[in-house]
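Here are my notes for your next look at this model.

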Amino acid sequence: MLMTYITKKHDYVATLDEKESPADEKSANVERLLVRTTKLTTVTIKLYRLMIVVRMAIFVLFFKWRIGTALAMTSNGTSTARAMWTVSIAGELWFALMWVLDQLPKMQPVRRTVFATALEESLLPTMDVFVTTADPDKEPPLVTVNTILSILAADYPPDKLTCYVSDDGGALLTPEAVVEAARFAGLWVPFCRKHGVEPRNPEAYFSHGVKVRVVSRADYKGRSWPELARDRRRVRREYEELRLRVDALHAGDVQRPWRSRGTPEDHAGVVEVLVDPPSCTPEPGVSGNLLDLSSVDVRVPALVYMCREKRRGRAHHRKAGAMNALLRTSAVLSNAPFILNLDCDHYVNNSQALRAGVCLMLDRGGSDVAFVQFPQRFDGVDPADRYANHNRVFFDCTELGLDGLQGPIYVGTGCMFRRAALYSVDPPLWWSHGDSDAGKDVAAEADKFGVSTPFLGSVRAALNLNRSEQRNTGTSPPCSFDAAAVGEATALVSCGYEDRTAWGREIGWIYGTVTEDVATGFCMHRRGWRSAYCATAPDAFRGTAPINLTDRLHQVLRWAAGSLEIFFSRNNALFAGPRLHPLQRLAYLNTTVYPFTSIFLLVYCLLPAIPLVTRSAFPVSMPPSSTYMAFVAALMLTLAMVAVLEVRWSGITLGEWWRNEQFWMVSATSAYAAAVVQVALKVLAGKEIAFKLTSKRRASGSGGGGVVKGRFAELYAVRWTVLMVPTAVVLAVNVASMAAAVQERRWRKGPAAVLATAFNAWVVVHLHPFALGLMGRWSKTLSPLLLLVVAFTILSLCFLLHLHMF
Ligand SMILES: O=c1ccn([C@@H]2O[C@H](COP(=O)(O)OP(=O)(O)O[C@H]3O[C@H](CO)[C@@H](O)[C@H](O)[C@H]3O)[C@@H](O)[C@H]2O)c(=O)[nH]1
Ligand SMILES: [Mn+2]
């Protein structure tokens, strides 16, 4: 099977000709080709690079001219005028810097082709999959159940796969739902195996949603179509019952709120093996009651439930803390060399995904890969993607560009890790001769890893394996799920275990930020590890996106605040050592400072109103000079060209690109500003930032084929949130100052300022979510290109007027 980076064929320079098919060219001692990496070398990408350089050159000329003009004009001006010039130019410098930081890391994108069939079955390494849940209300147990089932049914040897579920809520409901999943897996997993169905998430498989791939007769690869139809009906009935049972559990829970082990912030630790690891040899089933499984291997991978101990007054470090508890639990049970991390709503959508990740890890040169990030894709987003949930520019441009440098940024879910890399060792690339971290006696490092002897033993085993297994040997450390191991695992999830150790600082997932993902990936890149990007078709995993604007803005707020937390920590990219690729450093800098843009943007949006409300007689300069006009035209034109070229090489649509810009504006005048305030409070007053969970409930409505408007009614409803305050202020100030100017007939004195104010108000309204509803409808009728032209015209006029008001 061939998995490629999706999209356009013309993007490949080395064509994927069959004569290079890895399977047949092999003699016994020739290594199999698992991954082919291709640099994009098309004309588009060359033009793209050229345009970026040209635009940067224009920046230099522009700022030289603009600062010169400002100095000349303010040499005998008032201090207010000087201050306004300064603020204005500072804003422009910041915007230019942000653009450069954003573009430079995207200049050398690569695509990877993965040959999963070339993996030798017997050499597949063991794999631990971590699923995190935290709140059964925001994360319906049925969603988690489906994710677990999709993992257990993935196309991977069942004796080499273990699924670990972390429950941060401590409600009894979650383990009960997981037990239901385990029971149903006995039927679901063999059914998937027998007929090769996709996707292996029952809810998605059985629903009549728009994009679900229900096997059609022509596509069916199994033995007998009528048998599939019959089996499907029967399994579906069983699934409906499972769903009712899980919903009943949920409903019962709402009525009896005392049904919990404690509170979400105070409960005992539990580790429970719900499904024991199966034997190493296939076990055919019987032609029993429901399905004929006599020709099918009916083994189900092991399933472990874990709830870490929490006590009031102790720091639990949110998701990062849960991941570290999972890391230790799994270490003393299965201790697989590779770990896949999925949020509870991100299910396995392509049953080959795990193998694809393994290819990148075991490939030649793969031993320096700490993690393989898959793109995040989402179900349940409205067709217009009003709130830019798909994030296409990030997933299809930025991450691809970073893959050509040192590797994509880790974004929390859909990511496969090398266990050794989580134990803070150097990658092989940086091992000095004869010596490596793996060689050190970790037993002496209890101050780093904590005092558990079995855990230290597991660390040693994992590091030794990583060192010896420079090539794909497929060996894995021994595993044991006996009572002693489970008892040890329970001790390892006690809330005092990490006291006075390096957990969260050097070991495992990194603490101190609500975006533990970016920080964790950064620490690995800083050590010299690489990462790899793996976009498969069909999508490897799919999850849910925020269901309404309020949720979405809070998600953006959390990301922005978490980024700034990293900037103000010891993990600031500026302080990283020499192993971090220079452009990778710029990318991390960009990822951690972008929320500051909101300050400049808000000031910029308010500046033109000042002369109008202060009633001071501002010298309004002459009409824009031709030099100025030329600069604005050149800057806007190059911006548009870079955008169009980016859209071309990445395969996203102009509409998707535009949505991104639009939502950037929305976030920058709302959530980013709130993030700056939150982090200021943290830095100055030590006030911690909360991890507000994103709801995983689906947009309500009839669930299936209803009209789009009805189906996404909840998504489209805009509810007031305090995050919109900055936007409202900008609007109010601009409108009020315009009104005042008109009323007092000062229009003539400062036409430029009045117009700029009007445009500011207009742009904010235009880009704001209240208007996004309309935009959603327009963008279907108007071509995105037209939208782009309109937007650029407006933006250029804004610029024009801004620059010439003093
Ligand atoms: O105390 C906590 C808080 C969260 N979670 C889990 O963390 C995951 C992510 O939470 P979600 O609210 O879905 O966050 P998103 O904004 O959708 O997630 C993105 O951004 C987060 C960082 O801000 C990453 O942790 C996520 O993996 C990434 O998908 C979920 O599985 C939660 O169950 C916990 O286990 N414990
Ligand atoms: Mn999520």
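**Notes on helix packing, the ligand shell and a few backbone details**

1. Let me begin with helix 15 and helix 16, which are oblique to each other. Their axes cross at roughly 125° and come within 7 Å. An angle over 145 degrees would have counted as roughly antiparallel. Please keep in mind throughout that this is a predicted model.

2. Which residues bring these two helices together? Helix 15 contributes S563, L564, I566 and F567, while helix 16 (residues 582-593) contributes T591, T592 and V593. Sorted by class, this contact holds four nonpolar and three polar residues, with no charged ones.

3. Helix 15 has another partner in helix 21 (residues 671-685), with the axes 8 Å apart and an angle of about 45°. That angle makes helix 15 oblique to helix 21. The crossing of this pair is right-handed.

4. The contact divides into 12 nonpolar residues, one polar and two charged.

5. Now to the ligand. How many residues surround ligand 1? The count is 23, and the closest are T132, A134, D343, G412 and T694. By class, this shell has seven nonpolar, nine polar and seven charged residues.

6. Which element gives the largest share of that shell? Helix 15 does, with four residues. At least two residues each come from strand 4 (127-133), helix 7 (318-333) and helix 15 (549-567).

7. Helix 7 also has a packing partner, namely helix 13 (residues 483-492), at an angle of about 160° and with axes 9 Å apart. The two are therefore roughly antiparallel to each other, and their crossing is right-handed. R328, T329, V332 and L333 of helix 7 meet A485, E488, A489 and L492 of helix 13. Five nonpolar, one polar and two charged residues make up this contact.

8. Stepping back to the whole chain, domain 1 is put together from 43-106, 569-691 and 704-803, and domain 2 from 116-376 and 411-545. Between them, 13 residues of domain 1 are in contact with 18 residues of domain 2. The side of domain 1 that touches domain 2 comprises five nonpolar residues, seven polar and one charged.

9. Finally, some backbone details to check. Where are the cis peptide bonds listed here? One runs from E198 to P199, with omega near -10°, and P199 sits in the loop between helix 4 (173-195) and helix 5 (202-206). Another runs from A537 to P538, with omega near -5°; P538 is in the loop between strand 13 (530-533) and strand 14 (541-544).

10. One more for your list is A388, a residue other than glycine with a positive phi, near 50°. You will find A388 in the loop that links strand 11 (378-379) and helix 9 (392-403).

Conventions:
Residues numbered from 1 in each chain as written. Chains lettered and ligands numbered in written order. Predicted model: local features only at pLDDT ≥ 70, side-chain atom pairs only at ≥ 80, totals over all residues. Near = placed C-beta within 6 Å. Nonpolar A, V, L, I, M, F, W, Y, C, P; charged D, E, K, R; others polar. Domains from an automatic or database assignment. Contact = placed C-beta atoms within 7 Å. Axes fitted to C-alpha atoms, helices over the stretch in contact; angles between N-to-C directions. Parallel < 35°, antiparallel > 145°, perpendicular 65-115°, else oblique. Left-handed = near helix turned anticlockwise from the far one by under 90°.
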